[in-house]
Amino acid sequence: DTPGAQLSFAPKIMSTSPTSPTSNKTKEIFQRWDVHGTGVITRKRLTELLTAVAGKSVTEEEIERCIAEADKNKNGIIEYNEFIEWLQQPMGTVRMGSQGLEYFDLEACVRPLYDVYDQDGDGLVSMEEFIGCQTILQNSLGLKSKVSLEEQFKKEFGKEGTTSVPLLEDDAKRVFVQVDQDKSRSITFKEFLEWQREQLVAAKTPSKELEELLPALARQLKRVFKFEEEEEMNACDSRVLQRIVDNLAKFCVEIWSEKEGEKQKAKPMLALTGKARHYTNRWSEPPVGLNTKKLKAKYLATESCVVAGKIHENIDLDLMVIPELLEGEDESPRNRVWLAQIIQKVTMKDGKVRSDDPVYYEFVSLSWNKTVDAVVKFHKSYDAMPPELRMFSLLKAECDFSSRLNWPQLQRVFNRCKSHGIVTAAQHTEYNQ
């Protein structure tokens, strides 16, 4: 083994809390990598451990970061109590999960958000793009349900409160200059990542939550830009946009507010806004007569304006069918309304993919109908569904609510899941392997 930082496994510390299941599991993991039984894990073994947990080769930078995270007393070795504390850090690269060690890939979590900031897709975030996104997030805290969070808090609790989201409190242009470390007048992904890492470490938001919260925030922000492209908005569109703004406010507070210490100001505000990850919509058996073939046929007959074979190579109908969110204990699943969203994706002959605006339907009286309220009901119900049920909904729609899928169908569903932000490209690759 090569010299360097070591994980010191002192016997006297091993004997503490002998009845703790977590402590026992930590000891087992430690001993597994202490291959020589010397009571330490060298830098080389640490590298092997990280590679095994991450499922990929780790860089020297990642190794150094892990050592810095764990070696709190800066004595060049990582002692066993430091090892335990490292696994419990909210933003630690490695954490203890129910099945053992888990690797937290912050880069994968932040990437969807960076891609939204990079509005023109050139791989860099300009000052204009950065200010645009920051302004939307800043405004969401004041536009939530048309009443600021501070005003809601004062009315609810009879005293002053503050959102305390440091990342959004400063002027967007000033923040851009700080994040643009190389002064190139654009922000690279690496610069964006380090900025987010600094903010998230200060916020102490658990990594397990960030794996869902950051991609979810990116999806909501992307939907705002979609609305900005619309020339006109009706009352229904306005209600959907307000719901998106509400979600943005919740995600911002939950992701970047300070969770611990004397500087914490947002804890009462979190109680007011609620946990953004609380999913309340559940699956139930669909009604008799519900199928997707008739829905697709209706869409192609009434909504699609593509002329077959003229300018395109392929048409894909990205279809999701979900049950409406039940609100109230007296609601019966038998009376649930089922909702559908169809996005037509046309692959042109030059290889570009055109995604049409979503169309929404309700399944009423044994038939699919396009209604004014369907879009609001769909997004309210979708936002209340956990990610695994969102994927399940796509699977069921693809097989027309049967129980069989062939491999090409499954790949289509995975591609749709990636476009919806439900799974990552890495998860898709891992499944195929």
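## A buried aromatic pair

Tyr360 is buried, and Phe378 is buried too. Buried means under 20% relative accessible area, exposed means over 50%, and partly exposed lies in between (1.4 Å probe, protein chains only). This is a predicted model, in which local features need pLDDT of at least 70 and side-chain atom pairs count only at pLDDT 80 or more, while totals for chains, interfaces and linings use all residues. Residues are numbered from 1 along each chain as its sequence is written, and side-chain values use heavy atoms, with hydrogens and water left out.

## Overall make-up

The protein has 19 helices and 12 strands. Both are DSSP runs numbered from the N terminus: helices are H or I with at least four residues, strands are E with at least two. Of its 433 residues, 46% count as buried.

Contacts reach across the sequence. Take those between residues at least 6 apart in sequence: 65% of them join residues at least 24 apart. Contact here means heavy atoms within 4.5 Å.

## Aromatic pairs

The structure holds 16 aromatic pairs. In one of them, the ring centres of Phe192 and Trp195 are 5.4 Å apart and the planes stand at 70°, so the pair is edge-to-face. Rings of Phe, Tyr and Trp (its six-membered ring) pair if their centres lie within 6.5 Å; planes under 30 degrees apart count as stacked, over 60 as edge-to-face and the rest as tilted. Phe192 and Trp195 both belong to helix α11 (residues 189-203). They are three residues apart, about one turn of the helix. Phe192 is buried at 0% relative accessible area. Trp195 is buried at 8%.

The rings of Tyr360 and Phe378 have centres 5.5 Å apart and planes at 55°, so this pair is tilted. It links distant parts of the chain. Tyr360 is in strand β11 (residues 359-364), and Phe378 is in helix α16 (residues 374-383), 18 residues apart.

## A cluster and two charges over rings

Seven names make up one aromatic cluster: Tyr114, Tyr117, Phe130, Phe176, Phe189, Phe192 and Trp195. The charged end of Arg111 sits over the ring of Phe189, 3.8 Å from its centre. A charge sits over a ring if NZ of Lys or CZ of Arg is within 6 Å of the ring centre and within 35 degrees of the ring normal. Elsewhere, Arg390 lies over the face of Tyr382, at 4.4 Å from the ring centre.

## Helix packing

Two packed helices are described by the angle between their axes and the distance between the axes. Helix α6 (residues 106-117) packs against α11 at about 115°, with the axes 10 Å apart. Axes are lines fitted to C-alpha atoms, for helices over the stretch in contact, and angles run from 0 to 180 degrees between N-to-C directions. The α6 and α11 crossing is right-handed. A crossing is right-handed if the near helix is turned clockwise from the far one by less than a right angle, and left-handed if anticlockwise. On the α6 side, the contact includes Arg111, Tyr114 and Tyr117. On the α11 side, it includes Phe189, Phe192 and Trp195.

The axes of helix α18 (residues 407-420) and helix α19 (residues 425-432) come within 9 Å and cross at roughly 160°. That makes α18 roughly antiparallel to α19. Angles over 145 degrees count as roughly antiparallel, under 35 as roughly parallel, 65 to 115 as roughly perpendicular and the rest as oblique. This crossing of α18 and α19 is right-handed. Among the residues that meet are Trp407, Leu410 and Phe414 in α18, and Ala425, His428 and Tyr431 in α19.

## Loops and positive phi

Most residues other than glycine have a negative phi. Lys204 has a positive phi near 60°. It sits in the loop between α11 and α12 (207-228) and is partly exposed, with a relative accessible area of 32%. Ser365 also has a positive phi, about 55°, although it is not a glycine. Ser365 is in the loop between β11 and β12 (367-369). At 70% relative accessible area, Ser365 is exposed.

Gln89 is in the loop between α5 (80-88) and β4 (94-97). Gln89 and Lys204 are 115 residues apart in sequence but 8.1 Å apart in space, C-alpha to C-alpha. Leaving out residues up to four places away in sequence, Gln89 touches Glu69, Ala70 and Lys72. Ser207 lies in helix α12 and is buried, at 3% relative accessibility. With the same exclusion of residues up to four places away, Ser207 touches Pro90, Arg95 and Phe104.
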